[in-house]
Structures are given as structure tokens and as C-alpha cells.
Amino acid sequence: MSGTTSKPEGCRRNRTARTLRAPLLVLAALAVLLALAAPAGAVIIATGDGTGNTTAPEDDFGFANVGKVRETVVYLGNGWVITANHVGSRDVELLGEIYTPVPGSRTRLRNPEARVSADLALFRLREPHPPLPPVRLRETPPRIGDEVILVGRGPDRGDPLEFEDRSGWHWADTTRLRWGTNRVHAIGLEVQAGVGDWTRAFSTRLSETAQTPHEAAVGLGDSGGGVFLKNGDRWELAGVLFATQTSERQPPRTTLYGNITLAADVAAYRAQILSHVSVPSCSNGLDDDGDGLRDHPEDDGCTSPEDRTEASPLVTVTGDGPEEEARLWTVVALGFGGLLALVVGLALAARRI
Ligand SMILES: [Ca+2]
Ligand SMILES: [Ca+2]
């Protein structure tokens, strides 16, 4: 991501006022979290010297599916990646190789509760696709207290910092793809982290007293990174990192205990995601292999509209149809308690990462 990590005080107040007036608050039968935007991005871990966790853990959640752009993307399968909308469509590094986006494939996702856009987008990579397994998309929001893995290509941990009554770190100038852990702190959030967007989200909080094994928060460049949650014996993608919330006066480019990490709730967008990711290459309206020809019958690499590649062997995508929303509506209300605690307990400013 680019840009600043904080805004002048007056600007913050104005943004808050606009937010409160917005008619979109009709959707606030849900938990609504007012958030202030500023671009931000790596996973900062509290453990050790902060340089660890740059390779897959023994119980691998899918580390190789997390790719680097300037920020981060997660490879879903069938050529598609997901990222925060404010992350651009650039060449993606996966498995040490560079993959180029398919022109015209970028698709912004919409908040399922309202006719507004979310800070979440998909784009497709040109064939041949990376030899990676598809990621399983979580079907329901996480629960408060669930332990998750956060992974992103943000800043390394820098020098220690004491600010007011809290401790933390400056962000280093270097970035690495790194994973860490945390616990879900609130669910069912509706977060405005940019002009005109509302993103269904859940949060984690960097805790000093109740740490997970690799307690983590996010920084500039982690946007688009994944939040993985184990369901039985299988890892699933539960969230996509897009913002952080810090205290009002917290210095830019720092992480302090108590800071909140915000992730788009993948379950809320699952149907939309699958409606794109499941479309075969030979009927998606895109030139997926870059030969200037699109789909069946124009591209002679397509044997039928159902052919899943314009040039290369079939890549299978798991997942079923777009029928999740009814269940998700009921789950959203559960986020209210967590949200109130969040809003009452902290004076927050949300920053894109
Ligand atoms: Ca195509
Ligand atoms: Ca083609």
C-alpha cells in the first residue's frame, strides 16, 4: 500500500461525522464499526526477536499460497487470487515465480448486506497457473476466541517503543512474508476503512497478557494477507487482512499492545468468491493465456465452454454454489457484544494496511 499512515486530527473528525450521517447506517442492525482510513501493511510478532516465522510451520496452513505483490495476496485456486481492494493488481510472486494478472479480471466484491463495495477484490493470474492446491474457504464466521494464523508481507519488527502507558515496536523499513498467531476478538463488524466502502469483518487484538504462541499484529503491506483457521483437521481461509486500528495519538508506523487487526470475513463473501473462481477459463470472457483469443470456440486451446483452461491442464476448484447468505445473516448478530466492547473500550482510528 502507499500513502500516509495517519491523518490530521480535523480530518479524522470530519470523516467520523460523515460516517455517522451516512444512510448506510440502516444496515446497522448489524454491528457497525466506524473506522477511519489511511493506508498502512507485515505481520509483527511479539515473540523472540521478531524475525521468525518466515517459512511454513510444521502444521502448514497453506503458507505457499500467500503471495507477494507490494502488499499481499492469497492464491485461491483456478488462477484466482484474493486481496484487499486497495491493493493493486500487480505481478504476483508465488513459489518464487512471477505471475502476471489477466487484464480485465479484477473484480471488486460487494458487502453482502448492502449495495456497497467492500475492501476486497479478486483478480486472475495468466495461465499456466502456479502448481498450488486450492484454498478452502470458511463457510461460517469465526467465533470469538478462535485461535487463528495471520500471514502477510508487512514490515519487520523494529526498535521497542513505549508510548503513554503501553509498549510496542516501531516498524522496520524492511518487509518479509511472515506468519503469526492471535485470537478472534470480535465478529460481525462492519468497517469503513475507505471512502464509500463497508467491509464485513472480524478482529484480533495484540494482547500483552493473554498471548498466543506467536502473538501477532499487522502493519503496512499486510493488506491482502490471509487469516487461516483450522476446522477439524483442515485449514481454511477465514479472513483477508485490510486494516488496523490504533489509538488516536499513536505515532505512525508503530504497533502497540492493544492494537486491533481487521480482516474481511471470508464466509460473508464466499458465494461471491465462488461465483467467479468456479467459472471455467473457456467461458469467463477473459484471455487467460495471453494469446489474444478468448474462450470457446475462439481460443483453439478450448475443447468446450466447460474446459477449465485455455492452454494448460485442468485445475480443479473445490467449493459449492452461492447459497450461504441466509445462514450468514443470523451469525452477524452475534458480533454485537464483541463490537460494543471494542467501541467502548478503545478510542480507535482504523488504518488500512
Ligand atoms: Ca477465457
Ligand atoms: Ca486465450
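How many residues does the hairpin that joins E7 to E8 pass through? Point 4 below has the answer, after some notes on confidence and layout.

1. **What you are looking at.** This is a predicted model, in which local features need pLDDT of at least 70, side-chain atom pairs count only at pLDDT 80 or more, and totals for chains, interfaces and linings use all residues. Residues are numbered from 1 along each chain as its sequence is written, while chains are lettered from A and ligands numbered from 1 in the order in which they are written.

2. **Confidence.** pLDDT is the predictor's confidence in each residue, from 0 to 100. The protein chain has a mean pLDDT of 80, with 77% of its residues at 70 or more. Please keep an eye on two stretches. Over residues 1-42 pLDDT stays under 50, and the model has 102 contacts there beyond four places in sequence. Residues 312-348 also stay under 50, with 66 contacts beyond four places in sequence. A contact here means two C-beta atoms, placed from the backbone, within 7 Å. Where pLDDT is low, the predicted coordinates should not be read in detail.

3. **Overall layout.** The protein chain has 4 helices and 17 strands. Helices (H or I, at least four residues) and strands (E, at least two) are DSSP runs, numbered from the N terminus. Of the 353 residues, 52% count as buried. A residue is buried if 20 or more other C-beta atoms lie within 10 Å of its own, exposed if 12 or fewer, and partly exposed in between, with C-beta atoms placed from the backbone.

4. **The E7 and E8 hairpin.** Here is the reply to the opening question: the hairpin joins E7 to E8 through 6 residues. Strand E7 (residues 107-110) pairs with E8 in the antiparallel sense over 3 bridges; pairing requires that DSSP finds at least two bridges between the strands. Arg 110 has Ser 117 in E8 as its bridge partner.

5. **E3 and its two partners.** On one side of the sequence, strand E2 (residues 66-68) is joined to E3 by 3 bridges, and the two run antiparallel. E2 and E3 make a hairpin with 3 residues between them, and Lys 68 stands opposite Thr 72 in E3. E3 also pairs with strand E4 (residues 80-83), again antiparallel and over 3 bridges, with Tyr 75 opposite Val 81 in E4. Because 6 of the 6 residues of E3 are buried, the strand is largely enclosed by the rest of the structure.

6. **Two positive phi values.** Most residues other than glycine have a negative phi, and most peptide bonds are trans. Asn 78 has a positive phi, near 55 degrees, and sits in the turn of the E3 and E4 hairpin, which has 2 residues between its strands. Asn 78 counts as buried because it has 24 C-beta neighbours inside 10 Å. Leu 95 also has a positive phi of about 55 degrees, in the loop between strand E5 (92-94) and strand E6 (97-99). Leu 95 is exposed, with 12 other C-beta atoms within 10 Å.

7. **Two cis peptide bonds.** The bond from Glu 127 to Pro 128 is cis, with omega near 0 degrees, and Pro 128 lies in the loop between strand E8 (117-124) and strand E9 (147-163). The bond from His 296 to Pro 297 is cis as well, with omega near 5 degrees; Pro 297 lies in the loop between H2 and helix H3 (325-332).

8. **Helix H2.** H2 (residues 266-277) spans only 14 Å between its end C-alpha atoms, whereas a straight helix of 12 residues would span 16 Å at 1.5 Å a residue. The expected span is 1.5 Å times one less than the number of residues. Since 9 of its 12 residues are buried, H2 is largely enclosed by the rest of the structure. Among the buried ones are Tyr 269, Arg 270 and Gln 272.

9. **The nonpolar core.** A nonpolar core is a set of buried Ala, Val, Leu, Ile, Met, Phe, Trp, Tyr and Cys residues joined through C-beta atoms within 7 Å. The largest has 73 residues, and those with the most contacts inside it are Val 74, Val 81, Leu 150, Val 240 and Phe 242. Strand E10 (residues 166-194) gives the most to this core, with 10 residues. Leaving aside neighbours within four places in sequence, Phe 242 is in contact with residues including Ala 84, Leu 262 and Ile 353.
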